Amino acid sequence: IMKEQARRMARLIDDLLSLSRIELNAHIRPEQPVDLAPLLRQVVDGLQALAQERQGEVTVTVTEPSTVPGDRDELIRVFENLVENALKYGASGKRVDIVLARAEGPAGQSEARVSVRDYGPGIAAEHLPRLTERFYRVDVGQSRAEGGTGLGLALVKHILNRHRGRLLIESAPGRGATFTVCLPRVAAPLSD
């Protein structure tokens, strides 16, 4: 019991330190070009053991490759959190679909959109606006049993704010959940 509690505290401290570092650099927009397709495949490869343990399957569909300005490690953290949550809390659906597509943002700008969809029990509407709050949990008991700290989606929100991106959440009880990350794409270079 002490060993498990020590692991939980270590995860909590790690998440708090990560959140603090991200907030410290919130005003600095990352500019390195990051190709999302191989990044998503890397995340899925890293979570194969969890997927097998949960008897789930994770698929990645790339409708159009996209490069975004960003911090590769922070973006990996975003997608690891989202896919891991889908596997842990949507595992009853036995499937997680990740789709990378190009879309038009609210101001007409070109965006990369990555949707992570599970087919689990879904989330009631009253919880959706609060999911990215620190320490907010839909089901405290299940979250604690899964090793959650209550900071994963708060980290996702802060990383996306730093990247000038957005997180869209759609869910309904019995219909699974879809978390969509919207990021500005790298502008195409001008031709001569």
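Reply: Let us begin with a definition: a residue is called buried under 20% relative accessible area, exposed over 50%, and partly exposed in between, with a 1.4 Å probe and protein chains only. The model is predicted, so local features need pLDDT of at least 70 and side-chain atom pairs count only at pLDDT 80 or more, while totals for chains, interfaces and linings use all residues. Residues are numbered from 1 along each chain as its sequence is written, and side-chain values use heavy atoms, with hydrogens and water left out.

Me: Is Gln55 buried or exposed?
Reply: Gln55 belongs to the loop between helix H3 (48-53) and strand S2 (57-62), where helices (H or I, at least four residues) and strands (E, at least two) are DSSP runs numbered from the N terminus. Its phi is near 55 degrees, a positive value in a residue other than glycine. Because its relative accessibility is 59%, Gln55 counts as exposed.

Me: In what order do the elements of the protein chain run from the N terminus on?
Reply: The protein chain has six helices and seven strands. Read from the N terminus on, these elements follow the order α-β-α-α-β-β-α-β-β-α-α-β-β.

Me: What is the radius of gyration of the protein chain?
Reply: The radius of gyration is taken over C-alpha atoms, and the globule rule is 2.2 Å times the number of residues to the power 0.38. For 192 residues that rule gives 16 Å, and the value for this chain is close to it, so the chain is as compact as a globular protein of that length. The radius of gyration of the protein chain is 17 Å.

Me: What percentage of the residues in the protein chain is buried?
Reply: The chain exposes about 10,400 Å², of which carbon and sulfur atoms supply 52%; such areas come from the Shrake-Rupley method with a 1.4 Å probe, and for residues only the protein chains shown count as cover. Of the 192 residues in the protein chain, the buried share is 42%.

Me: Why is H6 described as largely enclosed by the rest of the structure?
Reply: The buried residues of H6 include Gly152, Leu153, Ala154 and Leu155. What covers the buried residues of H6 includes helix H1 (2-24), helix H4 (72-89), S6 and strand S7 (177-184). H6 is largely enclosed because, of its 11 residues, the number buried is nine.

Me: Which residues is Ala154 in contact with, leaving aside its neighbours within four places in sequence?
Reply: Ala154 lies in helix H6 (residues 152-162), and its relative accessibility of 1% makes it buried. Contact means heavy atoms within 4.5 Å. With neighbours within four places in sequence left aside, Ala154 is in contact with Leu19, Thr132, Glu133 and Arg134.

Me: How far apart are the closest N and O atoms in the salt bridge of Arg166 with Glu111?
Reply: A salt bridge is a side-chain nitrogen of Lys or Arg within 4 Å of a carboxyl oxygen of Asp or Glu, and by this rule the count comes to nine. Glu111 is buried at 2% relative accessible area, whereas Arg166 is partly exposed at 26%. For Arg166 and Glu111, the closest N and O atoms are 2.3 Å apart. The pair links distant parts of the chain, with Arg166 in strand S6 (residues 166-171) and Glu111 in strand S5 (residues 110-118), and their separation is 55 residues, while the N to O distance asked for is 2.3 Å.

Me: Which ring does the charged end of Arg95 sit over?
Reply: A charge sits over a ring if NZ of Lys or CZ of Arg is within 6 Å of the ring centre and within 35 degrees of the ring normal. The charged end of Arg95 is 4.1 Å from the centre of the ring in question, which belongs to Tyr119.
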